[in-house]
Amino acid sequence: MHTYPICRICGNTKLYFSGHLGNLPQINYCSKSAEEAKHLKKIPINLFFCEHCYHFQLGESFSPEETFKTYSYATQFTPSIRKHGNTIVDWFTEKYGMQKNAFVVELASSDGAILRSFVDRGYTRVLGIEPAANIARIARKNGIKTEAKFFSRAFAASVVRRHGKADFVLARNVLAHVPETVDFLQGIRDLLKPEGVFCVETPYGKNLIDFFEFDSIYHEHLSYYLVSTLQYAFGRAGLAIINIEETNMHTGSLAVFAKRVEAKHPVSPHVAEYMQEERKNGYFEKQLYKNFIAKCKLRIANIQPYVSRIRKQESVLVGYGAAAKANVIINLAGITPETINFIVDRNPLKHHTWAPGSGIPIKPVAQLAASPAKHIILFAWNFADQILQANKDLSRAGKQFHVLIPKPMRITPELLQKKNSFKFYRSLDV
Ligand SMILES: [Zn+2]
């Protein structure tokens with residue numbers, strides 16, 4: 001276990017304790033038996049705020065080695081990831097003049113799904129760096145050159161020695177997982193050519209707070225970034241933000257573009273606007289984070305009674321989506337296999353395993369139609385529209401879907417008529 005009594009970004013040793021949400025096991029671990037799942041080690045979810053760099057962060061965590069040893073892989077070759085990959089190629093081409101011979105490096109490149117979009121559009125000089133060896137192997141099998149390694153400043157030097165400097169560096173959904181943030185960012189600066197561009201995609205900490213997305217708080221997510229904190233962290237590594245785009249990934253992420261601080265790329269006025277909004281709306285105040293945790297605890301306390309009420313009227317109750325989000329809610333709310341009998345998931349690697357902490361069995365989605373369950377708890381609420389769309393026959397057969405985030409409620413296909421769940425949730429009164 002790793003403990004961080006000091007700020008991961010600025011080194012401040014007087015962090016403000018924002019609250020304790022509960023205890024969680026390794027949330028992506030697939031147990032081989034219900035007994036093992038129930039007896040996994042749990043460690044606290046304690047959150048801290050730094051008044052110096054406004055960084056909202058997790059205290060204790062499992063070590064990266066502990067986490068990656070057990071990482072369960074879900075394929076990324078979905079239509080939405082493909083579309084997103086194309087969007088990223090467009091950003092680099094249209095905003096920053098990416099040429100076909102550009103050297104593009106992606107950190108935490110997973111199975112290479114995003115780099116595939118580059119290759120398919122004629123950008124062949126791509127390199128993935130992926131810490132999980134089994135996933136890096138899959139990427140290589142998919143034809144994407146990938147090295148299995150944790151990225152750091154030391155490893156950046158090795159990449160530069162062997163491959164030269166990069167025109168574009170991409171890091172999606174990784175910065176929140178990195179314990180040594182400034183070292184990681186310094187590595188990116190070292191890797192970039194003088195006029196190179198770095199794009200980091202990370203969930204926006206402001207959305208976490210505003211929409212009570214406490215199911216994304218777990219030990220793999222060490223950091224919940226404001227733009228202001230990112231700017232500070234980048235500055236410490238000799239980088240500067242030049243532009244920001246909002247994306248629908250993970251229910252509201254930011255794609256933040258940065259340059260080496262001395263490079264010529266112009267800085268968009270958006271950057272200052274984001275930071276002013278954060279200051280104006282209280283995100284620099286420690287009390288906001290304390291209130292957030294207190295309100296999350298009230299919401300968590302409402303979940304178990306809601307689920308139990310449904311279960312009492314039925315012989316079976318089923319969950320949909322056994323991803324990390326589900327396991328966070330289940331553990332924090334104290335849901336057991338007596339309340340939710342099983343969870344279905346599309347990932348075949350999770351079938352016939354047991355959810356960490358609770359010991360709820362995980363089964364294929366096909367089991368839903370065969371089950372007498374009338375009510376389905378949709379843990380993957382961020383894909384609510386896609387799941388309801390794909391399971392229209394279940395709705396027609398009278399099965400009802402419920403979500404627990406931002407608060408427990410029944411959802412209907414009509415409610416989800418809007419284009420995507422991201423906008424849908426933003427339109428709710430939370
Ligand atoms: Zn700090």
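## The zinc site

A donor here is an N, O or S atom within 2.8 Å of the metal. In this predicted model, the zinc ion gets its protein donors from the SG atoms of Cys 7, Cys 10, Cys 50 and Cys 53, lying 2.3 Å from the ion. The angles between the 4 donor atoms run from 99 to 117°, so the arrangement is tetrahedral.

Along the chain, the donors follow the pattern C-x2-C-x39-C-x2-C. Take Cys 10 and Cys 53: they sit 43 residues apart and link distant parts of the chain. Cys 10 belongs to the segment before strand E1 (16-24), while Cys 53 is in the loop between strand E2 (43-49) and strand E3 (56-58). Both Cys 10 and Cys 53 are buried.

The domain assignment gives domain 1 (79-265) and domain 2 (305-427). Their centres, taken over C-alpha atoms, are 31 Å apart. Domain 1 puts 12 residues into the contact and domain 2 puts in 11.

For domain 1 and domain 2 the buried area is about 1200 Å², with carbon and sulfur atoms giving 63% of it. How many salt bridges cross this interface? The rule finds 1.

## Salt bridges

Over the whole structure, the search turns up 15 salt bridges. One of them pairs Asp 190 with Arg 153, with the closest N and O atoms 2.8 Å apart. Asp 190 is in helix H7 (residues 181-191) and Arg 153 in helix H6 (residues 153-163), so this pair ties together parts 37 residues apart in sequence. Asp 190 is partly exposed at 24% relative accessibility, and Arg 153 is partly exposed too, at 37%.

Helix H7 also holds Arg 189, whose side chain meets that of Glu 262 in a salt bridge (3.2 Å, N to O). Glu 262 is 73 residues away, in the loop between strand E11 (253-260) and helix H10 (269-280). Is Arg 189 buried or exposed? With a relative accessible area of 18%, Arg 189 is buried, whereas Glu 262 counts as partly exposed at 47%.

## A helical pair and a network

Within helix H10, Lys 280 and Glu 277 are 3 residues apart, which means about one helical turn separates them. Their side chains form a salt bridge at 3.1 Å, N to O. Lys 280 counts as exposed at 62% relative accessibility, and Glu 277 as partly exposed at 36%. Elsewhere, a network of salt bridges links Arg 82, Arg 116 and Asp 120.

Technical notes:
Residues numbered from 1 in each chain as written. Predicted model: local features only at pLDDT ≥ 70, side-chain atom pairs only at ≥ 80, totals over all residues. Heavy atoms only, no water. Donors = N, O, S within 2.8 Å, 3.2 Å for Na, K, Ca; no water. Tetrahedral: all angles 85-135°; square planar, octahedral: opposite > 155°, others 65-115°. Helix = DSSP H or I, 4+ residues; strand = E, 2+ residues; numbered from the N terminus. Buried < 20%, exposed > 50% of the residue type's maximum accessible area, 1.4 Å probe, protein only. Domains from an automatic or database assignment. Contact = heavy atoms within 4.5 Å. Buried area = accessible area lost by both parts, 1.4 Å probe. Salt bridge = Lys/Arg side-chain N within 4 Å of Asp/Glu carboxyl O.
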